[in-house]
Amino acid sequence: MTPDTDLISRAAAGDHFAFQTLVERHRSMVYRVAYQFAGNHHDAEDIAQEVFIKVYRSLDRFRQDAQLTSWMYRIAMNACIDHRRRHSPAAAAPFGEEAELKMLNTPEESPGPEETTYAGELGDVLEAEIARLPPGQRLVFIMRHHQDLKLGEIASSLGLAEGTVKRQLHAAVHRLRRALSTANVTAGGGA
Amino acid sequence: MSATCQQLESGAVELYFYDELPDGSRAEMASHVARCRHCAAALEDLKVIRTALSTRPDVSAPISGDWSDFMERLDAAVLTDKTNVAPDALAFRPSTAATIPAPVRSYIGLLATAALVAIVTISVTYLARHRQVPLNQQFAARPHSEGAAPAAAPQTTTAQPVATTGMRSVGEQHFERSKLVVLGLASKEPGEVSVADWAYERSLASTLLSDTRLYRLAAEERGLTSLAGVMRDLELVLLETSMAEGSDPAELPQIQRLIRKRQLIQKMDVVNTVGLLP
């Protein structure tokens, strides 16, 4: 199998087949991240498209000693943020102390846990609540919980202070627990 | 759920759960959780969350499981990315060259050559020799289709094949240019389009608009309803673009919605596949 670094060099030189091979090799990972963030196929496809277009535009800037998957992962994360910012500018403020507060208090506009409890499983309730999390919290939670990245790795990947990442994770978990609690009460204390 | 424990408020339980605490603090926290019902409940919740989410399907492919649409869309976007740079290159603005990515740079020479050849060919073989042939007569010179009435007998048998060739050549050229404009509009990121970009798109759309209208009218006249429909949609998009000020951030998303709603790119792909003139 041709190493990724060779494919990048060839793609950067204009070899479209090499670029396609790169995409085929990494599209599942990118799509998974995009879907976990977006929660639906339509947006996940858009995000994944954006990721590979950005990869294409940045091919000649890729450092050969860097890890391609990490590089792509970071592009994917930024694409998730950009996507949310374009579709919901008010809710997708950039990271920062002030913006962080704003994000913590700005839920997405979609049905709350009360409305989704009857729809079925606890997983559904949690997924719905994850979708309602402000983008910063959602991103950090997904990276920690789904991608199993350490807080330090998340901070480094997103260019944030580790303390900010901790606060985002704490806020996300707090909201999920609250959703869980509401679901349990609504469902009669079960779950 | 009400938190009354400082450890819980600080987020230490999450760090404990995710194994992010240093060894010493971890042992301390384990001891604390064993005594504190709030933290114990939080830890239990985290376990429930993990269990519940672990049962969710791992989605790593489009809903159909088929990547072909995704790859086609990406190819089109990459192609647009390349061609969007072409006008800069053709306008000989060396200051932009340094910012053009390497994969794009390698295509600029080809695009410039192709554009030059196309302009010369069309100018010489069509405009110089068949400028006087009416549009409807040019359409009448090819076999009819889509249930259209048989074509009227051509006025001059010698002009017929050349007129058809010229029409096809110009039509396809026009169609390709229009498609590039549509692809460019569809892939632009709202809020990131400069005033100069907008001015360029607007002038390109205005240039293509009148010809598109003529093609649409000719197609309607010949009963080519599908082609006329595509041309009508294209005309609408070009019209919207030619009228856009570029100052309203809602303009581009509106045009993009129109392109999506009318499925214009897919329709133009179909026309490309079967040919502009059957």
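Colleague: Which residues are buried in H8(A)?

Modeller: Call a residue buried if 20 or more other C-beta atoms lie within 10 Å of its own, with C-beta atoms placed from the backbone; 12 or fewer makes it exposed, and anything in between partly exposed. In H8(A) the buried residues are A:Pro135, A:Gly136, A:Gln137, A:Arg138, A:Leu139, A:Val140, A:Phe141, A:Ile142, A:Met143, A:Arg144 and A:His145. That is 11 of its 12 residues, so the helix is mostly covered. Keep in mind that this is a predicted model, where local features need pLDDT of at least 70, side-chain atom pairs count only at pLDDT 80 or more, and totals for chains, interfaces and linings use all residues. Residues are numbered from 1 along each chain as its sequence is written, while chains are lettered from A and ligands numbered from 1 in the order in which they are written.

Colleague: At what angle do the axes of H7(A) and H4(B) cross?

Modeller: Axes are lines fitted to C-alpha atoms, for helices over the stretch in contact, and angles run from 0 to 180 degrees between N-to-C directions. Here the two axes come within 8 Å and cross at roughly 100°. H7(A) is therefore roughly perpendicular to H4(B), a label for 65 to 115 degrees; under 35 is roughly parallel, over 145 roughly antiparallel and the rest oblique.

Colleague: Which residues meet there?

Modeller: Contact means C-beta atoms, placed from the backbone, within 7 Å. A:Leu122, A:Gly123 and A:Leu126 of H7(A) meet B:Ile49, B:Ala52 and B:Leu53 of H4(B). Ala, Val, Leu, Ile, Met, Phe, Trp, Tyr, Cys and Pro count as nonpolar, Asp, Glu, Lys and Arg as charged, and the others, Gly among them, as polar. This contact has five nonpolar residues, one polar and no charged.

Colleague: And how many residues of chain B are in contact with chain A?

Modeller: Chain B brings 34 residues against 38 of chain A. H4(B) provides the largest share of the chain B side, seven residues. That side divides into 22 nonpolar, five polar and seven charged residues.

Key
Contact = placed C-beta atoms within 7 Å. Helix = DSSP H or I, 4+ residues; strand = E, 2+ residues; numbered from the N terminus.
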